[in-house]
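User: I've got a two-chain model to go through before setting up some calculations. Could you walk me through it?

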Amino acid sequence: MSTEPYDAALHAYGDTHGHGSRLGYRIGSLLAIVLTVVPFWLVMSQPGPAPGWTAAAIFALALIQIVVHVVCFLHLDTRSEGGWTLLAFLFTAVIVIITIGGSVWVMFHLNTNMMPMPGGHMGPVR
Amino acid sequence: MTDHALNARDTGTTWHLAEQEDHDHGGNGATVLGFWIYLMSDALIFASLFAMFGVVSTSYAGGPVPREIFDLKLVALNTAFLLASSITFGEAMPHLEAGRVGPTRFWLAITGLLGLAFVGVELYEFSHLIAEGAGPQRSAFLSAFFTLVGTHGAHVTVGLIWIAASLVQIGQHGLIQPMKRRLICLSMFWHFLDIIWIGVFTFVYLYGVIR
């Protein structure tokens, strides 16, 4: 129970999990700043051709930024914990996409296909 | 003969125990994996809140629409605070691994102050909205907005308490191994909250203003 095995374990941990890579971290920080500033600029100064394109652009940038943060800040890779962190992450990503995408999709169709009712409407509550 | 056999068994036992112990510390890995699973389950909570917000995000009930109530300059400031705090936490990590107490506490404290600024701005925004009559009871859109952003803010507040407790503990115990393990988990928690915020500022604020 001396401190040496502790330190050895931590060192091994640091090595295998790539907490180290300062370069990767710096690149990640720079990318994160750029990927945050650009969508705010796109929306606040509206240089885009149409709101639809701006919306597509900010969602694409957000997805890229999430990947950058997960790889550079959370150090997700294929090797750590024998691949279990990656597996858990991918599983979660699938559930998240089904939950958000599925809910919005189903409720959108429910709203648009609902017959108007006398004395009120069954569309989205406005 | 018997002695020899016993010795062999002893050695065997010791070897087994040593391995167990080693596994326990390398159990840094087990803890980190377990914490990762927790973060993933937390992501599912936020996914359901995002889904709810997505479904009712245009249900204004005749109340204010995002364009009228969201101040993007304030959101940009808040986003900058949280992103900067994520980066400063990253600055603490090499010092943590090298066991340098002073710089670790310094960067952790900076992270905490930026997080505090984030929560402060968010509370200011909330109170401003409620004072304008755009409180959570006004429309389904605002209920979902306060629930989603409030849950994120509550997480950041818990993170702040964790940072404060860590600063005290580092002072008391130094950077012992359990402390390093806790701080590795805390860093994952903090970076995770910044990732959730990417979804919030894109989906709730920016998309809300242009739709």
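Analyst: A helix here is a DSSP run of H or I of at least four residues and a strand is a run of E of at least two, numbered from the N terminus. With that convention, residues 144-168 of chain B are 100% helix and 0% strand, and the end C-alpha atoms of this span lie 36 Å apart. The model is a predicted one, in which local features need pLDDT of at least 70 and side-chain atom pairs count only at pLDDT 80 or more, while totals for chains, interfaces and linings use all residues. Residues are numbered from 1 along each chain as its sequence is written, and chains are lettered from A, with ligands numbered from 1, in the order in which they are written.

User: What are the ipTM and pTM scores?

Analyst: The model scores ipTM 0.84 and pTM 0.83.

User: And what's the mean pLDDT of chain A and of chain B?

Analyst: In terms of pLDDT, the predictor's confidence in each residue from 0 to 100, chain A has a mean of 80, with 74% of its residues at 70 or more. In chain A the pLDDT is below 50 over residues 1-18, a stretch that has 22 contacts in the model beyond near neighbours in sequence, where a contact means that two C-beta atoms, placed from the backbone, lie within 7 Å. Chain B has a mean pLDDT of 89, and 87% of its residues reach 70 or more; over residues 5-26 of chain B, however, the pLDDT is below 50, and that stretch has six contacts beyond near neighbours in sequence.

User: Where does UniProt put the transmembrane regions in chain A?

Analyst: The unreviewed UniProt entry places them at residues 23-44, 50-74 and 86-108 of chain A; such annotations may be inferred rather than shown by experiment, and feature names are shortened, with positions in the numbering used here. In the model, residues 23-44 of chain A are 100% helix and 0% strand, with end C-alpha atoms 32 Å apart, whereas residues 50-74 of chain A are 88% helix and 0% strand, with end C-alpha atoms 35 Å apart.

User: Which spans does it list for chain B?

Analyst: For chain B, the unreviewed entry lists residues 43-62, 74-94, 106-124, 144-168 and 189-210. Of these, residues 189-210 of chain B are 100% helix and 0% strand, and their end C-alpha atoms are 31 Å apart.

User: Back to chain A, at what angle do α2 and α3 cross?

Analyst: Helix α2 (residues 22-45) and helix α3 (residues 51-72) of chain A cross at roughly 165°, and their axes come within 9 Å; axes are lines fitted to C-alpha atoms, for helices over the stretch in contact, and angles run from 0 to 180 degrees between N-to-C directions. α2(A) and α3(A) are therefore roughly antiparallel, given that angles over 145 degrees count as roughly antiparallel, under 35 as roughly parallel, 65 to 115 as roughly perpendicular and the rest as oblique.

User: Left-handed or right-handed?

Analyst: The crossing of α2(A) and α3(A) is left-handed, the near helix being turned anticlockwise from the far one by less than a right angle, with clockwise giving right-handed. The residues that meet include A:Leu31, A:Leu35 and A:Pro39 in α2(A) and A:Ile58, A:Leu61 and A:His69 in α3(A).

User: How does that contact divide by residue class?

Analyst: The contact of α2(A) with α3(A) has 16 nonpolar, six polar and no charged residues, with Ala, Val, Leu, Ile, Met, Phe, Trp, Tyr, Cys and Pro counted as nonpolar, Asp, Glu, Lys and Arg as charged, and the others, Gly among them, as polar.

User: How many residues does each chain give to the contact between A and B?

Analyst: The contact takes 46 residues from chain B and 46 residues from chain A. On the side of chain B that touches chain A, the elements giving two or more residues are α1 (2-25), α2 (28-56), α4 (72-98) and α7 (177-210) of chain B, and α2(B) gives the most, with 14 residues. That side of chain B has 26 nonpolar, 16 polar and four charged residues.

User: What does α2(B) do relative to α7(B)?

Analyst: The axes of α2(B) and α7(B) come within 10 Å and cross at roughly 20°, which makes the two helices roughly parallel, and their crossing is right-handed.

User: And at what angle does α2(B) pack with α6(B)?

Analyst: α2(B) and helix α6 (residues 140-173) of chain B pack at about 160°, with their axes 9 Å apart, so α2(B) is roughly antiparallel to α6(B).
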